[in-house]
Amino acid sequence: MSQLSTMTTSTSNTMLSGKIVFLLALGAGLSVASIYYSQPMLGIIGSTFHARVGDVGLVPTLTQIGYALGILLLAPLGDRFDRRRIILIKGTLLSLTLLLCGFASSWHVLLLSSLAIGLVATVAQDIIPAAATLASDSNRGKTVGMVMTGLLAGILLSRVFSGIVAQLWGWRSVYTIAAVGVWVVTLTLWYVLPSFKPETTLRYPALLRSLGKLWIEYSALRRAALAQGLLSIAFSAFWSTLAIMLAERFHMGSAVAGTFGLAGAAGALAAPLAGSLADRRGPDFVTKIAAALVVISFALMFVMPFVPVPVQLAIIAISAVGFDLGIQASLVAHQTIIYALNPAARSRLNAIMFTVVFIGMAAGATLGSKALETFGWTGMVGLATIAALCGLLIRLMGRSTR
């Protein structure tokens, strides 16, 4: 075992190297990517199991629900136990559930394994507080932003990867390759990370009860969670329906749908910039600018019915860059806000916010599919714009305070 991995976090703040930050970012990215691989493949998966357009949305919906449950029930354990050990256990389980999904023989097994993937993919939410703990106070926003770059790039590039691989070798191969990647990174993190001293001695029932107390105590937490949750509805509605819309309207396959993730991935560059800006100007300022950018980006797609097809595709790409940049910048700023509220409860504060975020993701996947089925692409755009506008209004209602 490495010398660094035998140290505790009390002595490691000054030793947070670029290599470790990169590995944390890679681990967060590969873990959270697991819950998005299905989106560009929904048309292919639906054909395999003969599922209707409205029903195929259950795959990302259950994964998002599993992620929300995992954050609520499992992420708080990071304040109670060594995060390094938690990362090893959950990373191993994630590899196994990805394999289960890849070898699913029936629709119900696929749905069950999709739910399980969401539960244990929450290892990403153990990695982020680990980075915040290892970072110095003056550099925390930037460090969290860099790790979030990896996480958010994982979200977006996962679609590129799964779309292309599914078209070349089938959707099952996507999950098999992903399982191997997660397992390799998990072992590497186990080797390089220090041990983390638990921040609390609360037993598990009391730990869960404390979530409600934290929600009541901190108004800044409530505003951050609700605003980011609403933005997440818009985000998930778009990415959960894009592949189906492209297939129906433009007769494009999963590889093209996944390629649009490259446009959105450009927005991942905003994460470290947003973290640095939050350190200088304050995270509340960043959240307002970011939410406004999301609203504008989605509203831009209302002009699609009035322009030629090439312009429509260009608008989708431009909008994807804009709203992904805004949502990612907002997320980093919101995390900077909540991590400053109570350093001893970072895992629980993170768990509360991301529970709301992924409830929003699950709602977006379901509502987006239904809106597309009932009202077409314009209906989905309307849903996303309204949700993003509500998120902006929450940020404009007042300053972030305790």
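## Basis of the model

Residues are numbered from 1 along each chain as its sequence is written, and side-chain values use heavy atoms, with hydrogens and water left out. Because the model is predicted, local features need pLDDT of at least 70 and side-chain atom pairs count only at pLDDT 80 or more, while totals for chains, interfaces and linings use all residues.

## Helices H5 and H9

Helix H5 (residues 83–102) and helix H9 (residues 171–192) have axes that come within 8 Å and cross at roughly 165 degrees, which makes H5 roughly antiparallel to H9 (angles over 145 degrees count as such). Residues of H5 that make the contact (heavy atoms within 4.5 Å) include Arg84, Ile87, Leu88, Gly91 and Leu98, and those of H9 include Trp171, Tyr175, Ala179, Val182 and Trp190. The residues of this contact divide into 15 nonpolar, six polar and three charged, with Gly counted among the polar ones.

## Gly57 in its loop

Gly57 lies in the loop between helix H3 (53–56) and helix H4 (58–73), and Gly57 is buried, with a relative accessible area of 4% (buried means under 20%, with a 1.4 Å probe and protein chains only). Although Gly57 and Thr366 are 309 residues apart in sequence, their C-alpha atoms are 6.0 Å apart in space.

Leaving aside neighbours within four places in sequence, Trp377 is in contact with residues including Phe238, Leu242, Met245, Arg249 and Met301.

Terms used:
Axes fitted to C-alpha atoms, helices over the stretch in contact; angles between N-to-C directions. Helix = DSSP H or I, 4+ residues; strand = E, 2+ residues; numbered from the N terminus. Parallel < 35°, antiparallel > 145°, perpendicular 65-115°, else oblique. Buried < 20%, exposed > 50% of the residue type's maximum accessible area, 1.4 Å probe, protein only.
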